[in-house]
Amino acid sequence: MLERHVLDSTPGVRWADVAGLGEAKQVLDETVVLPLMMPEYFQGIRRLWKTVLMFGPPGTGKTLLAKAVATECGTTFFNVSPATLASKRCDEGERVVVRCLFNLARAYAPSTIFIDEIDSLCTSRGASGEHESSRRVKSELLVQIDGINNSSTTEDGQPKHVAILAATNTPWDIDEELRWRLEKHIYIPLPDFQSRKELIKINLRNVQIAADVKIDEVAWRTDGYSAHDLTNVCRDASMEGLRRKIAGKTRDEIKNMAKDEIEKEPVTMRDFAEALGNVQKSVSPADIEKHNKWMAEFGSA
Ligand SMILES: Nc1ncnc2c1ncn2[C@@H]1O[C@H](COP(=O)(O)OP(=O)(O)O)[C@@H](O)[C@H]1O
Ligand SMILES: [Mg+2]
């Protein structure tokens with residue numbers, strides 16, 4: 001059941017699809033790939049982190065980065081949701097499910113276990129039964145993470161590298177024990193000006209752009225937008241051309257329009273202005289403030 005559920009087969013997100021976040025990419029690469037390339041070197045004091053927590057506001061690319069790790073790093077990738085871990089489908093209970101997952105990961109090593117929205121393991125929302133079950137999942141998870149953090153080599157002397165990657169939008173919901181065991185905490189912030197420019201270019205890769213489009217200006221005007229918000233702006237803007245083309249036409253007329261006639265309609269600056277009016281920023285300054293505070297207290301340099 002687990003094998004079917006968690007062995008990831010998502011089609012390739014590449015590093016280049018993720019705008020900005022250079023430092024995060026580097027840490028992830030170091031965590032997952034370097035130890036495989038030079039296993040002898042990274043022993044003892046040089047031991048690299050094996051467990052990383054990504055935190056930041058929603059829509060900044062945490063899940064996307066994990067998918068890029070799956071493609072770029074060439075390790076077996078287990079994509080786990082807390083709901084899978086708390087699965088009742090296994091008679092012996094949730095603890096066995098967690099243990100099973102880690103055994104699988106070791107069997108398929110080198111591998112990466114990605115636990116998205118890990119905060120949901122720690123909050124008490126939902127029925128009391130649900131809470132009880134996530135408590136059991138959590139305590140087994142702690143045991144298993146300890147095992148990963150402390151393991152060095154196997155019987156045959158070959159390190160079996162298993163890295164753990166977790167993500168959350170609400171790091172303050174993660175309890176102390178779990179926080180402490182995830183060795184490296186990296187902040188995935190809202191995109192800065194440069195990253196927004198990069199993101200707009202990525203999003204418009206396959207779209208015709210009119211000469212009047214000023215990417216700098218769009219980037220300038222989307223301060224405070226998450227990468228997801230800005231992606232929506234680009235999507236909306238690139239849809240405007242189509243809307244213009246089909247306005248007032250009947251279904252049949254639309255069907256008979258030549259495909260390239262629609263595709264050649266470039267996105268204009270007016271389309272962006274329109275889209276900026278349609279798509280608002282989704283992250284509040286108060287939320288950013290909370291992340292900054294958590295970063296100052298518990299983030300890794
Ligand atoms: N840094 C980024 N670069 C490119 N696209 C991004 C980035 N961050 C978010 N996106 C876009 O927003 C969508 C949602 O991002 P996601 O990774 O799920 O956010 P998070 O997990 O941080 O809440 C992605 O599928 C992608 O289209
Ligand atoms: Mg996510």
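**Sheet architecture and nonpolar cores**

In the predicted model, five strands are arranged as an open sheet with the order β2-β3-β4-β1-β5, and their pairing is parallel. The edge positions are taken by β2 (76-80) and β5 (184-187); each has a single partner strand, so one side of each is left without a neighbour in the sheet. From one strand to the next, the twist averages 20 degrees.

The pairing of β5 with strand β1 (residues 51-55) is in the parallel sense and comprises four bridges. Within this pairing, F55 has Y187 of β5 as its bridge partner. Helix α6 (residues 94-107) packs on the sheet, where β2, β3 (111-115) and β4 (162-168) are touched by the helix. The direction of α6 makes about 150 degrees with that of β3.

The largest nonpolar core contains 32 residues, of which F78, V80, L101, F102, I113, I118 and L141 touch the most other members. Two or more residues are given to this core by each of α1 (2-6), β1, β2, α6, β3, α7 (128-150), β4 and α15 (285-298). The greatest contribution comes from α6, with six residues.

The surroundings of L101 were examined individually. When residues up to four places away in sequence are not counted, L101 touches L2, V6, F78, V80, L85 and I113. Of these contacts, F78, V80 and I113 are listed, like L101, with the residues that touch the most other members of the largest core. Another core, of 24 residues, lies apart from the largest one; M54, V69, A163 and I188 are among its members.

Note on methods. Residues are numbered from 1 along each chain as its sequence is written. Chains are lettered from A and ligands numbered from 1 in the order in which they are written. This is a predicted model: local features need pLDDT of at least 70, side-chain atom pairs count only at pLDDT 80 or more; totals for chains, interfaces and linings use all residues. Side-chain values use heavy atoms; hydrogens and water are left out. Two strands pair if DSSP finds at least two bridges between them. Axes are lines fitted to C-alpha atoms, for helices over the stretch in contact, and angles run from 0 to 180 degrees between N-to-C directions. Contact means heavy atoms within 4.5 Å. A nonpolar core is a set of buried Ala, Val, Leu, Ile, Met, Phe, Trp, Tyr and Cys residues joined through side-chain atoms within 4.5 Å. Buried means under 20% relative accessible area, exposed over 50%, partly exposed in between (1.4 Å probe, protein chains only).
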